[in-house]
Amino acid sequence: MSVLSCAHVHTPFCDGKTPAPDMARAAWEKGFISLGFSSHAPQDFDPGSCIPPDQEENYKAQIRALQAQYAGRMAVYLGIERDYYACVSPADYDYYIASVHYLPLAGEYVAIDGSPADFCRRIDEDCGGDALLLARRYFDLLREYVVRARPPIIGHFDLLRKNNARSPRLDEESPSYRALALDALAAMKDTGAFLEVNTGGMARGVLRSPYPQAFLLSAWRQWGGEVIINSDCHDVRFLDAYFDDAEALLRALGYDHAVRLGRGQMWERYAL
Ligand SMILES: [Zn+2]
Ligand SMILES: [Zn+2]
């Protein structure tokens, strides 16, 4: 295992379970060279799952303190996972992960990776039973976000697979779905963003492969895109869960390197 880093780590400031100091200690004990915290950025809806706006400064202070504490031993970075509908600027952070979790549904923002019941309700009531229409809406939003903002990292590209695994509605092997996803990814290939290989769905026991699907990772490599392996860690037990599988998958697809948070520079390549 050569990743020895993770740039997608949550904390109890949002919906993470492990306090940041405990996460940093575990990373250090595993021999990590770097660790990036990325709690969900403040947003003005679904308050239980993001950093409360009045806690944003405390979150920054805690991560900056860890940065100082581990200086010279492990590089610690202050990031956020910024949803499409989040309300803060990422300018105060070392980096951010651009993600789409929420889509409007019946006048409110409902997470696409929330309950399977909401996933089905959205398809039935909002998309006329057409799961492909939901996929189109999701990818349209993510595409618009990434092309406009040119983020450092594209978070869990095909997140809708999570609930589709629990309540299958969409044929992920169908040519129409694949064309849709591939078209969205193609639009992002010149943004310079790193495509996240996210093992979070595997750690939760929902998926048997990371986000995104292999055919997307394969195309990304052919376009010369860079990838970053992350666990989307909410619980320290899964800090590097399935990293070996992610690396093996990337190697099988022809990747010879990936990107991680660096020690001297912000991002560094390492051999797979
Ligand atoms: Zn996310
Ligand atoms: Zn996350």
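Colleague: Is arginine 269 buried or exposed?

Modeller: In this predicted model, local features need pLDDT of at least 70, side-chain atom pairs count only at pLDDT 80 or more, and totals for chains, interfaces and linings use all residues. Residues are numbered from 1 along each chain as written, chains are lettered from A and ligands numbered from 1 in written order, and side-chain values use heavy atoms, without hydrogens and water. Buried means under 20% relative accessible area, exposed over 50% and partly exposed in between (1.4 Å probe, protein chains only). At 57% relative accessibility, arginine 269 is exposed.

Colleague: Which residue forms a salt bridge with arginine 269?

Modeller: A salt bridge here is a side-chain nitrogen of Lys or Arg within 4 Å of a carboxyl oxygen of Asp or Glu. For arginine 269 the closest N and O atoms are 2.5 Å apart. The partner is buried, at 16% relative accessibility: glutamate 226.

Colleague: Nice! Which residue coordinates both zinc ions, ligand 1 and ligand 2?

Modeller: Donors are N, O and S atoms within 2.8 Å of the metal (3.2 Å for Na, K and Ca); water is not among the atoms, so sites may look incomplete. Ligand 1 is coordinated by Glu81 (OE), His101 (NE2) and His156 (NE2), at 2.1 Å. The two zinc ions lie 3.3 Å apart, and the residue that coordinates both is glutamate 81.

Colleague: Is histidine 156 buried or exposed?

Modeller: Histidine 156 is one of the residues coordinating ligand 1. Like glutamate 81, histidine 156 is buried.
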